[in-house]
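This report describes strand pairing, domains, chain contact and nonpolar cores. The structure comes below.

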Amino acid sequence: MIADMQYDQTGQLRHFLTIEGLERETLVHILDTAESFITFGEREIKKVPILRGKTVVNLFFENSTRTRTTFEIAAKRLSADVINLNPTRLSTSKGESVLDTVKTLEAMHTDLFVVRDAHSGAAFLIAHHVPPHVAVINAGDGRHAHPTQAMLDMFTIRQYKKEFNNLNVAIVGDILHSRVARSQIHALNILGVPEIRVIAPKTLLPTEVERLGVHPYSDMSLGLKDVDVIIMLRLQLERMQGTLIASEQEYFNLYGLTGDKLAHAKPDALVMHPGPINRGLEIASDVADGPHSVILNQVTNGIAVRMSIMAIIMGGQAGRRET
Amino acid sequence: MGMVIRNGRVIDPAHNVDGNHNLYINDGFIAALDDPPEDFETDREIDANGLVVCPGLIDLRARLREPGQEYKATLDSELSAAVAGGITTLCIPPDTNPVIDTPAMAQMIQQRAWQIGKSFIHPLGALTQNLEGKTLTNMAGLDEAGCVGVSNALVAVKDTVVMRRAIQYASTFELTVFLHSHDPWLWGNGVVHEGEISTRLGLPAIPEAAETVGVARDLALIETTQAACHFNGLSTARAVDMVARAQREGLPVTTDVTAHHLHLTEHDIGFFNTLCHVAPPLRSQRDRDRLISGLKDGTITAICSDHQPHEPDAKLAPFSESEPGISGLETLLPLTIKLVIENVLTLSEAIALLTIKPAQILNIDSGHLGVGATADICIFDLESEWTFDRGKMLSRGKNNPFHNWPFRGRVTHTLIGGELAYTRQSENL
């Protein structure tokens, strides 16, 4: 069912809603295509005409400057016309619904929606209700998925580690609320990473998380032992409600990434973070800025990976309009 | 007025009847089985050859949306759906708008249903005024006005003292308290079972403990008061075990299960299918297995629809923003028959769970075909195979997740007080 949603009848990627259910070849194709866009930003003229004449709407029901900006840059480098919208959504039925907003914009001949919403499943809902020639990219839905972020993280890992099938990866922090972690876990599994660990206090590990194909740890030094990649997640204090963690100090003592804790990992371990980082809460400044950190590379790669995903999806679009 | 239903397979679990019989009805009441009473004049006949004739179904929990939410459904639309589903008696929770917390409201709703002249409605009165969990309602008055029990509907009575006194007060009038036992803090803003699916989809979860903590608290209060209580639609294996234990210890407690919890699990949510958004949530396979075994071991004594019709927009939203509930009147019988086909229940046991047993929970004289009983009768074709199409439902709410399911067994006639309230049109037979 999920495959039906994301691939069209010819097996072309149609929407990009979640990593779950995607073929390994699709992920590799996205990474390979992104490779060809990576040197692009350094050119004199930073544009290719792949999406010329196409309209991309960044529909962000939930605010985000960073993600929206990288999508905007990516679309513009592909020569698309880009519109940014941040509609305020009322949670009552009195307000304009998500679908009403989408239908209105669709009537203005939008070709691609990049959607972010605070509720899990919003991108699916929209993808279910757009006509065949309109594509949807999920730019984050509630706690469910953030597939483009996961792909840029995979791209960054591949830049440094080349292969996935010999890696040991640890994801640290608020797994419970993290759409980034869920998408990363699917991507790492599909790409063949043999050992994926999630490290957090038990209050921040979702029930039956092992079913996603990960090994849960609550002890940082055990969890980080001999890992090749450490992905730190942002701790959103407003979600902690005073009962998920006891205090910022204790959290940092136990799960903050410091040089001491990093020493448990392999000597050439990568330190990653989807940003924005809370220095001194989930990661120490000297580690965030240190030699293991590839945090800024992630941001740069984000543009190339999003260009890749947009180009692949829109590449098959002409055919879908005819059928 | 004399009517005879000829040669049907009459199944009346209350009297251990299961065989081919003629059923005689006089002036709206069951007059005789097999041989007509003296001076019986046949004005009308129904040929039930090849059909099952059983008591009209009794649905323990159905929200008909009137008054207050007529944009979702009305008594007119939903009572038409009820008779099409073979349901002749409905018990409705008090969370209408306004709430059924006064005798006048209870009477008004019954009168409206009476005017429509289809299924009977038995309201539950509110346990506390406006369901606020603070002040008790005038339960003697509600009893007098026809309420078959009291309930705080889906709203938790957080204050344990209020809860204890409310069930004590209800037991003064021998009113059964219908409980939706849950811990409101553990329930939180959850929308799905806490487990694999909530983790995979990143949806706010309702842990098993939200139900077991609520049931444990209420059982402790029932133990000290010995008040008769009914647990509405349990969803977890552990809660069923707790109620089974309480029953063994002699506590006056009963429970039911919804038809959808017997057939669906959390996995049916797939990728955010809001038609499977129900409260309590669909749980794990283990929980579903225990609900089924609870029917067999006698812990659970009724299957209900927990009917909640919605307007389309209520389900066209991200999962956590969609409204919970299934429009289930028209799938109650076929889903129950499915358990017979799957060899979980005998046909007689299945019918008992939809008729005499819920009648006992409601403490009403209904759900059987004894001589002198009101002739509320459901006639259905057990062999009829059909595919369910939610677009063709008579309920105004089309929110039903069993679209395209193959079913066996279809209602052909529904009689209420000896009058034909529904006949399936021949082209659909």
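## Strands β3 and β4 of chain A

Strand β3 (residues 112–117) of chain A runs parallel to β4(A), and 5 bridges join the two. Strands pair here if DSSP finds at least two bridges between them; helices (H or I, at least four residues) and strands (E, at least two) are DSSP runs, numbered from the N terminus. Within β4(A), A:N138 is the bridge partner of A:V115. Together with helix α5 (residues 122–129) of chain A, β3(A) and β4(A) make a right-handed β-α-β unit; right-handed means that, with the strands pointing away from the viewer, the path from the first strand over the helix to the second runs clockwise.

Because 7 of the 7 residues of β4(A) are buried, this strand is largely enclosed by the rest of the structure. Buried means that 20 or more other C-beta atoms, placed from the backbone, lie within 10 Å of the residue's own.

## Basis of the model

The model is predicted: local features need pLDDT of at least 70 and side-chain atom pairs count only at pLDDT 80 or more, while totals for chains, interfaces and linings use all residues. Residues are numbered from 1 along each chain as its sequence is written, and chains are lettered from A and ligands numbered from 1 in the order in which they are written.

## Domains of chain A

Chain A is divided into domain 1 (2–146 + 300–322) and domain 2 (147–295), with bounds from an automatic or database domain assignment. Taken over C-alpha atoms, the centres of the two domains are 26 Å apart.

## Contact between the chains

Chain A gives 25 residues and chain B gives 20 residues to the contact. On the chain B side, helix α6 (residues 196–201) of chain B supplies the largest share, 5 residues.

## Nonpolar cores

The largest nonpolar core has 119 residues, and A:F113, A:I126 and A:M310 are among those with the most contacts inside it. A core is a set of buried Ala, Val, Leu, Ile, Met, Phe, Trp, Tyr and Cys residues joined through C-beta atoms within 7 Å. The largest share of this core, 9 residues, comes from α12(A).

Apart from this core lies another, of 115 residues, including B:C54 and B:F380.

Definitions and conventions: Two residues are in contact if their C-beta atoms, placed from the backbone, lie within 7 Å. A residue is buried if 20 or more other C-beta atoms lie within 10 Å of its own, exposed if 12 or fewer, and partly exposed in between; C-beta atoms are placed from the backbone.
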